[in-house]
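Student: I've got this one open on my screen. Walk me through its side chains, please.

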Amino acid sequence: MTEAARPPAAVAFDAIGAAYEQAFAGSAAHRASLGRLLEELAPRSRVLDVGSGTGRPTAGTLAGAGHEVLGVDVSPVMVDLASRRVPEADFRCADIRALPLEPAGYDAVCVYFALLQMSRADQTRLVRRLAASLRPGGRLVLATVPLDVEDVAAEFMGQEVRVTSFGPEALGELVTGAGLTVEWERHTVFTPDRPGAVPEPQVFLHCTRG
């Protein structure tokens, strides 16, 4: 595949690599979200980690607790890092938008900041597909930057990206429209650990499938 034909997120995160983990390692809200999910999961749950990055903290925390984790990321550099750093989990280099998902195949799905370089239509379709991949009563954890922006040019960790997201109210409608119920919601502001970083709003949603 030529560089021009690769998904923009793959190009950006191949370049960012391990620096992403260092910049976001201090997120107390992310750790709290994972801690809450661990309390909710039965032993040996099947978990899908969308946009798994370096594998830490999400896949590493869940696999370390004995859960069966599949991480999916569009960046081959990230998948290679994750496979080496979290060998107890499985990782696949793929575009989640095109990856077949087993209906009711997972006990939980994690989507930590993996939607931001997708169009609103793609985000909507994907959340519905992910909801359908949960067993009844399964958990979907979604974290994003809750801003009302669409295809806006931005610089992220030295890479030129285009960002799309939903404001808080529209984000809630997105998940409820997928048949999910929001059980827990946390809003916070986080500043990545890197020179020149600015504070960014974040929201963490824990949802269940009825």
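**Charges, cores and rings**

Tutor: Let's start with Asp 122, which is buried, its relative accessible area being 18%. Buried is under 20% relative accessible area, exposed is over 50%, and partly exposed is in between (1.4 Å probe, protein chains only). Keep in mind that this is a predicted model, where local features need pLDDT of at least 70, side-chain atom pairs count only at pLDDT 80 or more, and totals for chains, interfaces and linings use all residues. Residues are numbered from 1 along each chain as its sequence is written, and side-chain values use heavy atoms, with hydrogens and water left out.

Student: OK, which side chain does Asp 122 meet in a salt bridge?

Tutor: Arg 125, at 2.5 Å from N to O. A salt bridge here is a side-chain nitrogen of Lys or Arg within 4 Å of a carboxyl oxygen of Asp or Glu. Both residues lie in helix α6 (residues 120-132), three residues apart, about one turn of the helix. Helices (H or I, at least four residues) and strands (E, at least two) are DSSP runs, numbered from the N terminus.

Student: And Arg 125, buried or exposed, or in between?

Tutor: Arg 125 is partly exposed, with a relative accessible area of 48%.

Student: Which residues are linked with them in a network of salt bridges?

Tutor: Asp 95 and Arg 97 are linked with Asp 122 and Arg 125 in that network. The side chains of Asp 95 and Arg 97 form a salt bridge too, 2.8 Å from N to O. Asp 95 is partly exposed at 24% relative accessible area, and Arg 97 is also partly exposed, at 34%.

Student: How many salt bridges does a search of the whole structure find?

Tutor: The search finds 14. One of them joins Asp 80 and Arg 84, with the closest N and O atoms 2.9 Å apart. These two are about one helical turn from each other because they sit four residues apart in helix α5. Asp 80 is partly exposed at 41% relative accessibility, while Arg 84 is exposed at 55% relative accessible area.

Student: New topic: the largest nonpolar core. Which residues touch the most other members?

Tutor: Tyr 20, Leu 62 and Tyr 112 do, out of 34 residues in that core. Two or more residues each come from α1 (8-16), α2 (19-24), α3 (28-40), α4 (58-64), α5 (76-85), β4 (106-112) and β5 (134-144). The largest share, four residues, is from α5. There's also a second, separate core of 29 residues, with Tyr 106, Val 127, Phe 166 and Ala 178 among them. By nonpolar core I mean a set of buried Ala, Val, Leu, Ile, Met, Phe, Trp, Tyr and Cys residues joined through side-chain atoms within 4.5 Å. As background, nonpolar side chains tend to be buried together in soluble globular proteins.

Student: What does Tyr 112 touch, not counting residues up to four places away in sequence?

Tutor: His 30, Ser 33, Leu 34, Val 50, Thr 58, Val 141, Ala 143 and Phe 204. Contact means heavy atoms within 4.5 Å.

Student: How about α1, which residues are buried there?

Tutor: Ala 9, Ala 10, Ala 12, Phe 13, Asp 14 and Ile 16. Their cover includes α2, α5, β6 (152-156) and β7 (159-163). Gly 17 follows α1, and its phi is positive, near 55 degrees.

Student: Rings next. How many aromatic pairs does the count come to?

Tutor: Eight. Tyr 20 and Phe 24 are a stacked pair, 4.6 Å centre to centre with 25 degrees between the planes. The rule covers rings of Phe, Tyr and Trp (its six-membered ring) with centres within 6.5 Å; planes under 30 degrees apart are stacked, over 60 edge-to-face and the rest tilted. Both residues lie in helix α2, four residues apart. Phe 13, Tyr 20, Phe 24, Phe 156 and Phe 190 form one aromatic cluster.

Student: Last one: Glu 21 in helix α2. Which side chains does it make polar contacts with?

Tutor: Arg 56 at 2.8 Å and Arg 85 at 2.6 Å. A polar contact is a pair of N or O atoms within 3.5 Å; within protein, one must be able to donate a hydrogen and the other to accept it, and residues adjacent in sequence count only if both atoms are side-chain atoms. Glu 21 is buried, at 15% relative accessibility.
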